[in-house]
Amino acid sequence: MASGNRGGQGRRLTIHVGLQKTGSTSLHRHLMLNANALADRMVVRMPVEGTPMRPLGRAAVAFSLNPDDAHRETLDQAIAKVREGLPDNDLPVLLSHENLAGAMPGTGDERGLYPALPRIMAALNAGFAEFSVDYVIYLRRREDWLPSVWAQAVRTDGYTGTWADYRAETAGLPQWSDLIARLRRVAGPGGLTRFRLEDETDPAHPGSQLLMHMGLTAKDIAVLRPLEGRGMERLSPAATEFMRRFNELALNPYARSRVADLVARTQHLFTADYRPEGML
């Protein structure tokens, strides 16, 4: 872990910017499960349906894919909506959304390593100027992260390339150290704290490093309600290949999304030896 000191005199605001496929879904499920227990310790905002955090995530991705003035204005407006919805108290605030990082490699035409994230952070700095802002990012071993991102791009973003295609298209990705250096230049006095997903050793309490960063102790975390099951798990190889080929069809995004959800729920249908009950 590498951490910077928080600066500024305003109310503390920690912004967890993801990245995708680094355990954010499990973290959010754990935070939701323990919302009442954490309510007197911090204000938590994450991508819950119907809240301003959902549009903020969409605006960050859209800006990363097309960083023009119009998309920056939409991003600024989404940040303002989140800021306006914060309660007027002295509790520290945690904003957490994997899409604050922008488009992952494989989304749309993006094949870089979050080139727009420094500009997204600059927008967050401006939108929350009265706060004492610090940033948190989770990283993962590249050899585990990249195939998971490819499978996610196939599942949710309509990517049509094979794993070999994806490896070739992302062969020029810089190392994590390059991304961290770029982010630290814009993180401001509050700094950037980097955590490794591999150091999250208790699957029943995901996000422990982040919660300790927010001031909880190991004892505090241990008594939180444990999370059962995992977050958005990767599809099986056969189901992923089905979705990759399905993505080649000219269907509207809503229909494609519904099929992806169905595939995720019925992955057993894509195993070669599957036979429904009663079938010889």
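Predicted model: local features only at pLDDT ≥ 70, side-chain atom pairs only at ≥ 80, totals over all residues.

Reader: Okay, which element gives the most to the lining of the second largest pocket?

Author: That's β2, with three residues. α1 (24-33), α2 (35-38) and β2 (43-45) each supply at least two. A pocket here is an open set of points on a 1 Å grid over the protein atoms alone, with protein on both sides within 12 Å along at least five of seven lines; a cavity is a set where a 1.4 Å probe fits but cannot get out, and lining residues have an atom within 4 Å of a point.

Reader: And how much space lies in that second largest pocket?

Author: About 200 Å³. Of its 14 lining residues, Ala-35, Val-43, Val-44, Arg-45 and Met-46 are the closest to the centre.

Reader: What about cavities, how many of 30 Å³ or more turn up?

Author: One, in a search of the whole structure. The largest cavity holds about 40 Å³ of space. Its lining is Lys-21, Ser-148, Ala-151, Gln-152, Arg-155, Arg-234, Leu-235 and Thr-240.

Reader: Which helix has the largest share of that lining?

Author: Helix α6 (residues 142-157), with four residues.

Reader: Switching topic: at what angle do α11 and α12 cross?

Author: Roughly 165 degrees, and the axes of α11 (residues 237-246) and α12 (residues 253-265) come within 11 Å. That makes α11 roughly antiparallel to α12, a label for angles over 145 degrees. The contact (heavy atoms within 4.5 Å) is made by Ala-239, Phe-242, Met-243 and Phe-246 of α11 and Arg-256, Val-259, Ala-260 and Val-263 of α12.

Reader: And how do α4 and α5 cross?

Author: Helix α4 (residues 69-84) and helix α5 (residues 117-127) have axes that come within 10 Å and cross at roughly 45 degrees. Among the residues in contact are Leu-75 and Ile-79 of α4, along with Ile-120 and Leu-124 of α5.

Technical notes. Residues numbered from 1 in each chain as written. Heavy atoms only, no water. Points joined across faces, edges and corners; volume = space filled by probe spheres on them. Axes fitted to C-alpha atoms, helices over the stretch in contact; angles between N-to-C directions. Parallel < 35°, antiparallel > 145°, perpendicular 65-115°, else oblique.
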